[in-house]
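Reader: I would like to go through this model one feature at a time. Please give the general idea where there is one, and then the case at hand.

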Amino acid sequence: MQRFDRVIVADWSAAATLSPARPSADAIWLGSIDASGASSTYHRSRSSAEATLAQAIDTALARGESLLIGCDFPMGYPKGFASHLTGTPTAPAVWAWLAAHIQDAPDNHNNRFQIAAHINRHFATATSHGPFWGRPASLNLPDLPTTKAVDYSALNLSERRGVETVVPRAQPVWKLYTTGAAGSQGLMGQPMIHRLSQRPQVAVWPFDPPAQITLAEVYPSLVSAAVRRDPAPIKDEAQVRLLAQALFSLSQTGQFAALLDCPANLEEGWILGAGHTTALLGALP
C-alpha cells in the first residue's frame with residue numbers, strides 16, 4: 001500500500017522528566033496531515049504521545065483508512081546485536097526485549113541508562129566496553145562510559161548501520177547522551193513500536209511490507225532546507241509538520257513507491273526517504 005489517507009510524524013524524546021507545560025523544543029511533537037489539512041500537537045510525556053498514536057490507529061481501522069506513522073528514532077541496530085542480545089537476529093526481538101526491561105513512568109522517569117549498562121555488561125570483552133556510551137557524569141554506571149570508549153571490531157559490531165552511510169548526519173545508535181544523540185530515543189521508542197506492532201493490521205517497514213497501518217523510521221532533518229524557510233518559532237514543530245506534508249503529498253501523487261527501495265534486512269532497518277531528499281523537498285510548496 002503506497003497511498004495513505006493520513007500521515008503522522010513523531011519527533012520523540014527520551015526526557016526523564018515531564019517537558020514544560022508551555023510548548024517547547026526538545027520535546028515530543030506530532031505532525032499530522034490528511035485531506036482536511038495539516039496540524040501539530042505537543043506532548044509532555046511519551047505516554048501521552050503513545051496514547052494519541054494508538055487512538056489514531058484505532059480511528060483509521062474503524063474508518064477503513066490507511067495511516068503512515070513515522071518515528072524519529074532508530075528502530076534497529078547494526079547486524080549481530082539482536083542475535084547476541086536475544087538469540088534471534090531480528091529487530092522485533094530487540095523491541096520485545098526492550099519492552100520487557102525498559103521502565104517508563106507517566107512522568108517520563110525511566111531506567112534507560114541502567115538498561116544500557118546492563119546490555120553493555122552482556123557484550124563487554126577483555127578489551128572493550130559494550131556498544132553503548134554516553135551518560136550524565138552524576139550516574140555511577142561504570143559499565144556505561146561517558147565518552148566513546150568502545151572497540152566495535154572487538155565486539156563484532158559496526159558503529160553505524162548501513163542507512164547511516166546514506167544519511168551520514170544521523171547519529172550512531174549507540175550514542176545515548178549529549179548533543180544530537182539519538183540512541184536514548186531508540187531505547188525509549190522501540191518498546192512503543194513493539195506495543196503498537198501487536199495491534200491488528202499494523203506493519204513496521206522495512207521489516208514488513210506496508211499495510212493499512214504502517215510504522216516507519218524517519219529523519220526529519222531530510223527536510224531541513226524547508227524548515228529553515230518556515231516561520232514557525234519551534235524547529236521541532238516545523239520538522240514534523242513539513243515531513244508529514246511531504247510524505248503525504250508523495251503518497252497522493254503516486255511517487256511514494258521510490259521511498260520504499262532499500263536493502264532487505266530484518267535487523268538494521270532503514271530511514272524512510274533516505275537518499276530521496278530532492279523528492280521530499282520537491283513535494284513541499
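**A strand and an arginine**

Author: Valine 202 lies opposite isoleucine 213 of strand 6. This is a predicted model.

Reader: In what sense do strand 5 and strand 6 pair, and over how many bridges?

Author: Strand 5 (residues 202-204) pairs with strand 6 in the parallel sense, over 3 bridges.

Reader: Which way does strand 4 run relative to strand 6, and how many bridges join them?

Author: Strand 4 (residues 67-71) and strand 6 run parallel and are joined by 5 bridges. In strand 6, alanine 216 has glycine 70 opposite.

Reader: How should I read the side chains along a strand?

Author: In a regular strand, side chains alternate between the two faces of the sheet. In strand 6, Ile213, Leu215 and Glu217 point one way, while Thr214 and Ala216 point the other way.

Reader: Are the residues of strand 6 buried or exposed?

Author: Strand 6 (residues 213-217) is mostly covered, with 5 of its 5 residues buried. The residues pointing either way are all buried.

Reader: Now the arginine. Where is arginine 241 found?

Author: Arginine 241 belongs to helix 8, which spans residues 235-252.

Reader: Why is arginine 241 classed as buried?

Author: Buried means under 20% relative accessible area. Arginine 241 has a value of 18%, so it counts as buried.

Reader: Which residues is arginine 241 in contact with, leaving aside neighbours within four places in sequence?

Author: Those residues are Gly31, Ala38, Asp230 and Ala232. With aspartate 230, the arginine 241 side chain makes a side-chain polar contact of 2.9 Å.

Note on methods
Residues numbered from 1 in each chain as written. Predicted model: local features only at pLDDT ≥ 70, side-chain atom pairs only at ≥ 80, totals over all residues. Heavy atoms only, no water. Helix = DSSP H or I, 4+ residues; strand = E, 2+ residues; numbered from the N terminus. Buried < 20%, exposed > 50% of the residue type's maximum accessible area, 1.4 Å probe, protein only. Polar contact = N/O pair within 3.5 Å; in protein donor to acceptor, adjacent residues only side chain to side chain. Contact = heavy atoms within 4.5 Å. Pairing = 2+ DSSP bridges.
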